[in-house]
Amino acid sequence: MNHGDDCCTTAEDGAQSDRQQPLILERVEEETAKSWQSVVSQCLNKHFLCTPKKAKSKLLGFFPILKWLPRYQLREWLLGDAMSGLIVGILLVPQSIAYSLLASQDPIYGLYTSFFSSIIYALLGTSRHISVGIFGVLCLLVGQVVDRELALAGYLTESAILNSNNSTILLAGQGNGNVGVGCDRSCYAITVGATVTFTAGVYQVLMGIFQVGFVSVYLSDSLLSGFATGASLTILTSQFKYLLGLKIPRPQGWFTLFKTWYSLLTNLSNINICDLVTSMVCLLILIPTKELNNRFKAKLKAPIPFELFVVVIATVASHFGRFDSNYGSGVAGDIPTGFLPPQLPMWSLIPNIAVDAFSIAIVGFAITVSLSKMFAKKHGYTVDANQELYAIGFCNILPSFFHCFTTSAALTKTLVKESTGCQTQISGLVSAIVLLLVLLVIAPLFYSLQKCVLAAIILVNLRGALRKFTDIPGMWRVNRVDTSIWLITMATSALVNTELGLLVGVLVSALCVLGRTQRAQVLELGRATTREHYEDLSSYRGLQRHPGVAVFRYEAPIYYANQSLFKKSLYRCIGLDPVKEKTRLMKNKRKNKQPGEVARVPNINSGDTEGAAKEDGFEAGATVTSMLGNKSSRSLRSLVIDCSAILFLDTAGVNAMKEVLKDYEELGIKVVLARCNISVLDALERGGYYPIKKGCVGGENKIMFFTIADAVHYVQSLSANGDYDSKC
């Protein structure tokens, strides 16, 4: 006898035995649940116990400037920060004046807003690069609220003011009784804007206190982009009246885009030729020069401030040409120097604007956090979403006492800031110094600046958002779901209502996520020829099935919304609906047909299943024939469900798994689970699917395996031995 052969045979037998033994893992015992008193005490100590170390950490966390300012690299960073701050400050002057039109405010308030927000964010923000100030979409939202409240308070409409001799008359007997006669339309407009800003800031700070910065992850890029593009269309439409010199009020409510175009078309005979010519000249200058800036931005150390040049030239031309008195052109008007005394928000107005302020708070936070994370990732540092909530919240709360309106990060100015060498928020402080100089000295010089020039600046700055329409075909090829979200959000924001567009976008995004779980299908798996690896039979060639054993995978969580779809998909993929099959067999039994004539009858001799089979009139020795899709018929004795892609189960999901197990085992088909994660295991245990036994998972005739191969070997061994008792 050859002992070498014996050794080889023994080794092979041992290896074969090891392969047939299922993988067994013992669960780590869970820690003893703490009493509620200890949990409450621990939370109180964590949040309210103050130590010097914790106080220092909280202070540095709330004022990030205290962390990075002591480590400021003067020689390496100062020049870049100073250059970027100067350039952005110069750009902010015409844009702050221009975007005041959108918010229905006087130009001086736009300058105030940009000044205060630049300082506060430099102290509280965690992003080194974003520029916080006036943002077109928020200005539009604030302006809609301001116009509505002005109308409710009984103030003259814009067109009536421009055609009357006294622009500060408050219509007697109308509107808000809290408004004094001494408060003209401009005063009440900024009071409404500041109250909206204060309320939005309070919302944002409360969100920071309750640590809800994570909500930013639910606002996808496609949603925010679609919302911004839709709002840009509304902004574009709202500026045409200034480009054409028409005196028409801003429409309120839904479908403002259609209402505005209707008003424009019906008033074309009243076009101001001076404003129209000025608008065309400004657009013909700004559009090509902006494109030149973009084309040569890699070679230019800083973008050329053509907007400022246009503002200066147009103001000089309007002043000496007396466009306002000679041609009736609308101008910026008196812009005072210095700062107005602080003023409290109008508390009685908060209930009227609370809902509007919430949507404004969400938009401002979402835009700020998105831009912060984008530039932080690009430059290799991190931002704190909750601290960003505090920062942008206080950028709204504190300035609201100084006649300011809502702010957030702005993409265009942030790109300019980054491209001109910005390293820290010192650049924001430099921009604030530029604005301070304008507020104290230069502001009155813009008295004769035409509003159509400001509208042209706004339109030119919308180019980036409007270019998104050219990206639609490429977006559609990449991801149709995201493109659909973009289109729906954009269309709702532009055509129906701006605030509603954001809500609809969020709901559509959520429904798309739910829809993906609804569309998940059960896949039949096959084994690779050279590995114990299983993949989808319909996706890969050369995979093999096991005789009498079918392996399936469901690639979605199983919960109340899709548990019935899971069962239908499984039954359809197997080709055997156990409920219908049992009904058919019962009808055959009532007709006294012979069991051998039944097409699908179990072939399993096991305790429970054999009793069930006999009870239904089944006879051991036949086979269960299943039509798997359109494939040829095959006998089916066992079913393995790969649960690796099932993230979680709720109560309905556990019940669905129990029904699958019960229904198939009543037909004599053995069902086992494989590759369940801990969450699924715990859910199955709590739901009574099976108990957890020491050393293995499973119970009598209910067993779960850690690999598909172990599950297949197990059910094959049961079939070979004619035994279905647990071997664990």
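Reader: Which residues does S225 touch, if I skip those up to four places away in sequence?

Author: Contact here means heavy atoms within 4.5 Å. With residues up to four places away in sequence not counted, S225 touches K468 and W486. Keep in mind that this is a predicted model, where local features need pLDDT of at least 70, side-chain atom pairs count only at pLDDT 80 or more, and totals for chains, interfaces and linings use all residues. Residues are numbered from 1 along each chain as its sequence is written, and side-chain values use heavy atoms, with hydrogens and water left out.

Reader: Where is S225 found? And is S225 buried or exposed?

Author: Helices (H or I, at least four residues) and strands (E, at least two) are DSSP runs, numbered from the N terminus. S225 is found in helix α10. As for burial, under 20% relative accessible area is buried, over 50% is exposed, and in between is partly exposed (1.4 Å probe, protein chains only). S225 has a relative accessible area of 16%, so it is buried.

Reader: W486 came up as a contact of S225. Which residues of α22 are buried?

Author: W486 is one of them, and the others are T483, I485, T489, M490, T492, S493, A494 and V496. Those buried residues pack against α10 (221-244), α11 (256-266), α21 (472-478) and α23 (498-519).

Reader: How many residues does helix α22 have, and what does it reach from its first C-alpha to its last?

Author: The expected span of a helix is 1.5 Å times one less than its number of residues. Helix α22 (residues 480-496) has 17 residues and reaches 23 Å, close to the 24 Å expected. At its start, a side-chain oxygen of N479 comes to within 3.0 Å of the backbone nitrogen of V481.

Reader: Now for charges. How many salt bridges does the count come to?

Author: Side chains of opposite charge can pair when their charged atoms come close. A salt bridge is a side-chain nitrogen of Lys or Arg within 4 Å of a carboxyl oxygen of Asp or Glu. By that rule, the count comes to 14.

Reader: Which parts does the salt bridge of E307 and K290 tie together?

Author: Their side chains meet at 3.0 Å, N to O. E307 lies in helix α13 (residues 306-321) and K290 in helix α12 (residues 273-295), so the pair ties together parts that are 17 residues apart in sequence. E307 is buried at 2% relative accessible area, and K290 is buried at 17%.

Reader: Where do R584 and E581 lie?

Author: Both lie in helix α25 (residues 578-590), three residues apart, about one turn of the helix. R584 is partly exposed at 29%, while E581 is buried at 3%. Elsewhere, salt bridges that share partners join E535, R553, E555, D642 and R675 into one network.

Reader: What is the nearest side chain of opposite charge to D536?

Author: Lys and Arg count as positive and Asp and Glu as negative; His and the chain ends are not counted. For D536 the nearest is R553, 7.3 Å away, and D536 is buried yet has no salt bridge.

Reader: With which side chain does D536 make a polar contact?

Author: A polar contact is a pair of N or O atoms within 3.5 Å; within protein, one must be able to donate a hydrogen and the other to accept it, and residues adjacent in sequence count only if both atoms are side-chain atoms. The side chain of D536 makes one with the side chain of S538, at 2.7 Å. D536 sits in strand β4 (residues 534-536).
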